[in-house]
Amino acid sequence: MSQKVLLNAKEVNIILHRLACQLIEKHNDFSNTVLIGLQPRGVFLADRLAKILEEDYKIKNIQLGHLDITFYRDDFRRGEKTLEANTTKINFIVEDKNIVFIDDVLYTGRSIRAALTAIQSFGRPNEIELLTLIDRRFSRHLPIQPDYRGRQVDVINNEKVKVNWKEHDNEDSVYLIEK
Amino acid sequence: MSELSVNHLLGIKYLKEEDIQLIFETADHFKEVINRPIKKVPSLRDITIANLFFENSTRTKLSFELAEKRLSADVINFSSAQSSVKKGESLIDTVNNILSMKVDMVVMRHPNPGAGVFLSKHVNASIVNAGDGAHEHPTQALLDSYSIRERLGDVKGKKVVIVGDILHSRVALSNIYALQLQGAQVMVCGPKTLIPKYIDKLGVKVETNLRKALNWCDVANMLRVQNERMDISYFPSTREYTQQFGVSKDLLNSLDKEITIMHPGPINRGVEITSDVADSKQSIILDQVQNGVAVRMAVIYLLASKIKQ
């Protein structure tokens, strides 16, 4: 198993600030916008972006939620393991809101498909956008593309992209891992 | 652990402590789901479940059916009153006929103890025991423990007294197993005639004085007197039973501490507990019913995920 650094902490930081600015460009004061981090790994990115928007760009009252998609996945009973759920935390109404889904890596698009179904349980949003830190090109199983992307990478199927976060993995970094 | 150690839920006796924790953690997620505006998830859309009730039930049957539907499973219902069982068909034949319609899971209530275990050895489907005679009622015990955990934070170290008709109660036996597995202390309390001999061999305390039992416990689980299972008279009169083993608000108020009151239903108001107790803040009876759906969703979800395609 070999691994190569795709992004280091400094590059991750620059990209996060750029993504935050792109969000502000579209959503202004976020009065009708909610950020939804997808469990398990998208929530770190969502929390971090919300923090940057609040602290560095002084945007108040960012509405942030965490969405677990386990029960909406299309691979139930297809693998060896039982799919384990994570916590969903959405303490607001999503009816008529502009939602930004936030995930670390966009690969097949199946998680996003599940998230699109899951969010309907909370109401009918006005629109839904997608933000991902890493967009794995040429690997989509479904017609789903991000509206905001940190970095686009070409990765072959037996390679894995691993995003690390300081809060959870002790450093901000993105690795390409060859299996 | 992310997987149950069993393929069927036949009784708490067959579970490990980790299984119970996994069921509770999964139930936490489903409890959040059933409080959403849309209370349904598509996980089990390719699973068909048969609810076979060879004995009357309202709450358990509704609770299972709701849990199955909230998971998007296809559900067929069967109750023995309107079936070919009355024409003399055997249990295995009945169930195999139903399974040949491509059913993946069977939820069964049966008057005979061990019916679930018997079935699991003879048919090819995941079996959930929804009560077998006076033997076990595992999902009730799970939702009882789940409700204690929700109210008191943890089951471990808590003192629980089960009051009433222990002899005829499947809820009592499953609760004893479940509570002990999680490290709680258990006492049973009731008329001597309704406490099975040798129950102390299970490691439970036995008490025939209700006031002493209530002063000892954190939680009192009040059972119903099961008149329909009584072939002889076990106590002189209902009035006398109520005087000795019924819980009233006055009795609760006279205790040294505030205890939690549970009841698996259906309640005989004025017999084992009075109305003001059933409707008081100390009672978590309606929480038990709500938690029942979440816990049954968790059990069905975890068992279904072990059914291979």
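A:Tyr57 counts as partly exposed, because it has 13 C-beta neighbours inside 10 Å. (Buried means 20 or more other C-beta atoms within 10 Å of a residue's own, exposed means 12 or fewer, and partly exposed lies in between; C-beta atoms are placed from the backbone.) This is a predicted model: local features need pLDDT of at least 70, side-chain atom pairs count only at pLDDT 80 or more, and totals for chains, interfaces and linings use all residues. Residues are numbered from 1 along each chain as its sequence is written, while chains are lettered from A and ligands numbered from 1 in the order in which they are written.

**Around A:Tyr57**
- A:Tyr57 sits in the loop between helix 2 (42-55) and strand 3 (63-67) of chain A. Helices (H or I, at least four residues) and strands (E, at least two) are DSSP runs, numbered from the N terminus.
- Not counting residues up to four places away in sequence, A:Tyr57 touches A:Ala20, A:Ile24 and A:Ile52. Contact means that two C-beta atoms, placed from the backbone, lie within 7 Å.
- A:Pro146 is 89 residues from A:Tyr57 in sequence, and their C-alpha atoms are 23 Å apart in space.

**Annotations from UniProt**
- An unreviewed UniProt entry gives residues 4-159 of chain A the annotation "domain: Phosphoribosyltransferase". UniProt positions follow the numbering used here, feature names are shortened, and annotations may be inferred rather than shown by experiment.
- Residues 4-159 of chain A are 28% helix and 28% strand, with end C-alpha atoms 11 Å apart.
- For chain B, UniProt places "domain: Aspartate/ornithine carbamoyltransferase Asp/Orn-binding" (unreviewed entry) at residues 156-302.
- Residues 156-302 of chain B are 37% helix and 14% strand, with end C-alpha atoms 23 Å apart.

**Chain B as a whole**
- Chain B has 11 helices and nine strands.
- Its C-alpha trace spans about 55 × 45 × 35 Å along the principal axes of chain B.
- A compact globule of 309 residues would have a radius of gyration near 19 Å, and chain B agrees, with 19 Å. (The radius is taken over C-alpha atoms; the globule rule is 2.2 Å times the number of residues to the power 0.38.)
- Of the 309 residues in chain B, 47% are buried.

**The two domains of chain B**
- Chain B is divided into domain 1 (12-136 + 289-304) and domain 2 (138-285). Such bounds come from an automatic or database domain assignment.
- The centres of domain 1 and domain 2 of chain B, taken over C-alpha atoms, are 25 Å apart.
- In chain B, 22 residues of domain 1 are in contact with 20 residues of domain 2.
- On the domain 1 side, helix 1 (17-33), strand 4 (126-132) and helix 11 of chain B give two or more residues.

**The largest nonpolar core**
- This core has 138 residues. A nonpolar core is a set of buried Ala, Val, Leu, Ile, Met, Phe, Trp, Tyr and Cys residues joined through C-beta atoms within 7 Å.
- The residues with the most contacts inside this core include A:Phe101, B:Ile23 and B:Ala220.
- Helix 11 (residues 285-304) of chain B gives the most to this core, with 11 residues.
- Leaving aside neighbours within four places in sequence, B:Ala220 is in contact with residues including B:Val161, B:Val163 and B:Leu214.

**Where the chains meet**
- The contact takes 16 residues from chain B and 17 residues from chain A.
- Helix 1 of chain B gives the largest share of the chain B side, four residues.
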